Amino acid sequence: AARWSPELMAGQPGTERGVLRHYVGGRFLPVDATFPKISPVTGRMILEVAEGDEETVDTAVSVARRALHGPWARTSPDDRAALLRRIADELERRHEDLVAAEVADTGKSVSQARTLDVPRGAANFRAFADLIAGAPLEAFQTTTADGRRALNYAVRRPVGVVAVVVPWNLPLLLTTWKVAPALACGNTVIVKPSEETPSSATVLAEVMDRASVPEGVFNLVHGHGPGAAGELLTSHAGIDAITFTGESGTGSAIMRSAAAGLKAVSFELGGKNAALVFADADLDAAVAGTTRSVFTNGGQVCLCTERVLVQRAVFAEFRDRLTDQARQQRYGWPADPHTQVIPMISHGHRDKVLSYYHLATQEGATVLAGGGVPTFGDDRDGGAYIQPTVLAGLGSDARVNREEIFGPVCHLQPFDDEDEAVQTANESDYGLAATVWTSDVHRAHRVAPRLEAGLVWVNSWFLRDLRSPFGGMKASGIGREGGRHSLDFYSELTNVCVEL
Ligand SMILES: NC(=O)c1ccc[n+]([C@@H]2O[C@H](COP(=O)([O-])OP(=O)(O)OC[C@H]3O[C@@H](n4cnc5c(N)ncnc54)[C@H](O)[C@@H]3O)[C@@H](O)[C@H]2O)c1
Ligand SMILES: N/C(=C\C=C\C=O)C(=O)O
């Protein structure tokens, strides 16, 4: 298959001599300090990226604040809906550049980038354009016990300057999932993408520039997290709210610095998601669906399944069929649309995932498939590839069943009855997502609401309605985004009471 070697970003305003630039106050900034972007496919440097410093972040915050009181403040919900639709159109015009950017940064397969990651960019903007254009105001005709009458109505205003800090696994999808509602509600944003995935964020800035988003409304600052642009941004006094997606530990660190200024936070954090496979499930669907929910994007999706609980009567059959699927995952270059096995985002992350493979063996697990690092005999040996892996034989207390691994790996565990399945699934510090595979509709509706998870899919996975609440409980997050839940986070409400 063709080797993926993008002539990425050449000739676009977002780069200067092959270096990705910040976008602040409506212009791409001259490059100062930089850091390298390494390809997870080959281990070679493919790009250089501007590293934001205190001055970059300060400037971004002040231009974002200034923009809040400029023409942007006088836009109506319909004006902003029209702008979001223009952005969606421009994202679609840049579709192939965005695919190239996502694949270059992450090594994900071109087919996934084309069907999942990139289309969700425009979809997110369209969803929130529709939402804000049709958002009713809340009002009540009031009569009180002592006979007074009034009209109460609540008006929405923007929160202000919003910090958007996002991870490397679904870069464009996750960034636009936050930027679209933030702009819909009239805020200004400063995006700090992951240092691992700067490219699609830079194309997004080019899209904003071309869509004539008013200067200072959308800002992009590249850089690292702790002690760098990320932390400088989330701890900045001029930020009014923080929307963050990433590791739970990072969430706590951000929350500590946000506490000083009582900043509103919306956190989408880690997960240790369970699949519950009942004996009455359509096993073909359950095997196919669980293969997807375990191995999509190399297991680097917060919603991915890492714990597979299977009713004892079908445990052996399901175990053997899922193990076969793991072994049949197709290796290939990212440009090959049939490729299913992708590299971890970095050698560091691969080392982390591999350490859990070794830990599982030390904890007494059986390795049914994978368990190591593949060899290609070509440039990919310099990349961060790892084998899709299936484990079994451990209990819920094993670290492999308690800690998020965030790789192409799951552990299979049998259960006898419904209560045991629910109890085992809920034995986790996390509470993000779960899947339930059963043909019994009564069982589906009994079990799903009992699961301590923000999102439960029945006989499906990662099927999304962008109006529904999205988020996790326990260590998986704070708050919900999606539909009106995003409007509630990205706006302040003023209730007006008029006596009649
Ligand atoms: N719940 C969700 O919707 C969701 C979605 C995707 C990923 N995730 C989680 O994200 C994690 C993987 O992504 P990651 O490795 O990029 O996460 P991460 O927490 O290491 O980094 C996320 C972002 O935060 C920045 N950052 C890191 N430390 C910071 C700090 N102290 N202050 C401010 N910013 C900081 C990083 O530069 C990056 O932009 C996994 O745990 C995964 O479960 C959750
Ligand atoms: N936030 C969303 C997906 C998150 C995936 C996590 O890796 C979404 O689909 O809106």
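Which helices and which strand each supply at least two residues of the shell around ligand 1?

A: The model is a predicted one, in which local features need pLDDT of at least 70 and side-chain atom pairs count only at pLDDT 80 or more, whereas totals for chains, interfaces and linings use all residues. Residues are numbered from 1 along each chain as its sequence is written, chains are lettered from A and ligands numbered from 1 in the order in which they are written, and side-chain values rest on heavy atoms, with hydrogens and water left out.

At least two shell residues each come from helix 8 (229-234), strand 12 (241-245) and helix 9 (248-260), where helices (H or I, at least four residues) and strands (E, at least two) are DSSP runs numbered from the N terminus. Helix 8 is the element that gives the most to this shell, with 3 residues. In total 30 residues surround ligand 1, and the closest are Lys-192, Glu-195, Thr-250, Leu-269 and Glu-404; a residue is near a molecule if one of its heavy atoms lies within 4 Å of it. By class, the shell is made up of 14 nonpolar, 10 polar and 6 charged residues, with Ala, Val, Leu, Ile, Met, Phe, Trp, Tyr, Cys and Pro counted as nonpolar, Asp, Glu, Lys and Arg as charged, and the others, Gly among them, as polar.

Thr-250 places a polar side-chain atom 2.7 Å from an oxygen atom of ligand 1, while a polar backbone atom of Val-166 is 2.8 Å from an oxygen atom of the ligand. For Leu-269, a backbone N or O atom lies 2.7 Å from a nitrogen atom of ligand 1. Of the 850 Å² of accessible area that ligand 1 has on its own, the protein covers 93%; such areas come from the Shrake-Rupley method with a 1.4 Å probe, and for residues only the protein chains shown count as cover.

Ligand 1 sits in the largest pocket. On a 1 Å grid over the protein atoms alone, a pocket is an open set of points with protein on both sides within 12 Å along at least five of seven lines, a cavity is a set of points where a 1.4 Å probe fits but cannot get out, and lining residues have an atom within 4 Å of a point. A molecule sits in either one if more than half of its atoms lie within 2 Å of its grid points.

Between two of the contributing elements, strand 12 and helix 9, runs the loop that holds Glu-247. Glu-247 counts as partly exposed, because its relative accessibility is 46% and the classes are buried under 20%, exposed over 50% and partly exposed in between (1.4 Å probe, protein chains only). From Glu-247 to Ala-145, C-alpha to C-alpha, the separation is 50 Å in space and 102 residues in sequence.

Another loop, between strand 17 (389-392) and strand 18 (409-415), contains Ile-405. Ile-405 has a relative accessible area of 2% and is therefore buried. Although Ile-405 and His-349 are 56 residues apart in sequence, their C-alpha atoms are 9.4 Å apart.

Terms used: A polar contact is a pair of N or O atoms within 3.5 Å; within protein, one must be able to donate a hydrogen and the other to accept it, and residues adjacent in sequence count only if both atoms are side-chain atoms.
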